[in-house]
Amino acid sequence: FKGITGEKQTILKISSTLGVHINGEAENSETIEHSGVLFLINPEGKLAAIFTNGAKPQLIAQDVKEIIHHYALHG
C-alpha cells in the first residue's frame, strides 16, 4: 500500500482529476485533510477501483489480490 506523496500542487491536481475534495488547499497550509475513500490505481496508472468508507476490508483485500494476480500473469 502506498499513499500519494509529492509536491502539494501535484497532489491537488490529482485529487481534482479524481473528483476528490480535500481541505488544506490554501498555498500556505502545510496539511491536507481528506476522506477515507481509497482509490486503487493499477500499474498502468489507471483507476481500477474506488472503495468508500463503508467498504468491507475482506472485499477490498479480494479486489487488491485480483489486481495483483492479473498483473503478475499479464505484466
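The side chain of Asn42 reaches the backbone nitrogen of Glu44 at 2.8 Å. That is a polar contact, meaning a pair of N or O atoms within 3.5 Å; within protein, one must be able to donate a hydrogen and the other to accept it, and residues adjacent in sequence count only if both atoms are side-chain atoms. This is a predicted model: local features need pLDDT of at least 70, side-chain atom pairs count only at pLDDT 80 or more, and totals for chains, interfaces and linings use all residues. Residues are numbered from 1 along each chain as its sequence is written, and side-chain values use heavy atoms, with hydrogens and water left out.

Asn42 sits in the loop between strand S1 (38-41) and strand S2 (47-51). Is Asn42 buried or exposed? Asn42 counts as buried because its relative accessibility is 10%. The cut-offs are under 20% relative accessible area for buried, over 50% for exposed, and partly exposed in between (1.4 Å probe, protein chains only). Not counting residues up to four places away in sequence, Asn42 touches Ala48 and Tyr71. Contact here means heavy atoms within 4.5 Å.

## The hairpin

S1 and S2 pair in the antiparallel sense over 4 bridges. Pairing requires at least two DSSP bridges between two strands. Ile41 stands opposite Leu47 in S2. Leu38 stands opposite Phe51 in S2. The two strands form a hairpin with 5 residues between them. Gly45, in the turn, has a positive phi of about 85°.

Ile41 belongs to strand S1. Ile41 counts as partly exposed, because its relative accessibility is 40%.

Asn53 lies in the loop between S2 and helix H2 (57-74). Asn53 counts as exposed because its relative accessibility is 59%. What does Asn53 touch, not counting residues up to four places away in sequence? The partners are Gly36 and Val37.

Asn53 and Val37 are 16 residues apart in sequence, yet 5.6 Å apart in space, C-alpha to C-alpha. A polar atom of the Asn53 side chain lies 3.4 Å from the backbone nitrogen of Val37.

## The whole chain

The protein chain has 2 helices and 2 strands. Its elements run α-β-β-α from the N terminus on. Helices (H or I, at least four residues) and strands (E, at least two) are DSSP runs, numbered from the N terminus.

Of the 75 residues, 15% count as buried. Among contacts between residues at least 6 apart in sequence, 13% join residues at least 24 apart. The accessible surface comes to about 6,200 Å², and 56% of this belongs to carbon and sulfur atoms. Areas come from the Shrake-Rupley method with a 1.4 Å probe; for residues, only the protein chains shown count as cover.
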